[in-house]
Amino acid sequence: MSFWGKFNQTIDSKNRIFIPTSFRNELEENFFIFNAPDGCLFLVSQNKMDQIMGNLISEGAVMEDRQMQRNVTGSITLVNMDKQGRVTLNSEHVDWARLTKEIIFVGVGERVELWEPKAYEENLFPTDILSKKLDEKRILF
């Protein structure tokens, strides 16, 4: 499974969003939404969520690990996409990602990220830094 591309959409007054057509089949009818550490929302399939939970829960049982587990698992919501490709976000997710009217979906490998446009722009590298970072990691095109 691989998601890529950027799609501009809107969120309606009932917190409903249309999932971009190219993401629908991979996410399937039921998928998970949760708060991401960098202020956006992650949308993932059941298989990816199983992998995330396995990694998260396998961490030790010290206080810091339990806090991290609570932060992640407390925000996870299973959503059901309707026949039109819409899902309804809960108010916690809308508030976390500071979503208003305009939203951006970004496919990032095994997940989809949902962003408020200004926050998305603030989380991108400027071109010169991006080029340097890609060179440092030896990522070639």
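1. A pocket is an open set of points on a 1 Å grid over the protein atoms alone, with protein on both sides within 12 Å along at least five of seven lines, and its lining residues have an atom within 4 Å of a point. This is a predicted model, in which local features need pLDDT of at least 70 and side-chain atom pairs count only at pLDDT 80 or more, while totals for linings use all residues. Residues are numbered from 1 along each chain as its sequence is written, and side-chain values use heavy atoms, without hydrogens and water.

2. The second largest pocket holds about 210 Å³ of space, a volume being the space filled by probe spheres set on the points. Its lining comprises 13 residues, and Phe34, Asn35, Ala36, Pro37 and Phe42 lie nearest its centre. Strand E3 (30-35), strand E4 (41-44), helix H2 (46-57) and helix H3 (63-73) each give two or more residues to this lining.

3. The axes of H2 and H3 (lines fitted to C-alpha atoms over the stretch in contact, with angles from 0 to 180 degrees between N-to-C directions) come within 10 Å and cross at roughly 160°. H2 is therefore roughly antiparallel to H3, a term for angles over 145 degrees. Contact, meaning heavy atoms within 4.5 Å, is made by Met53, Leu56 and Ile57 of H2 with Met68, Gln69, Val72 and Thr73 of H3.

4. Asn15, in the loop between strand E1 (3-10) and strand E2 (16-18), has a positive phi near 65°. Arg98, in the loop between helix H4 (91-96) and strand E7 (102-109), has a positive phi of about 55° although it is not a glycine.

Notes. 1 Å grid on protein atoms, 1.4 Å probe; cavity = no way out; pocket = protein on both sides within 12 Å on 5 of 7 lines; lining within 4 Å. Helix = DSSP H or I, 4+ residues; strand = E, 2+ residues; numbered from the N terminus. Parallel < 35°, antiparallel > 145°, perpendicular 65-115°, else oblique.
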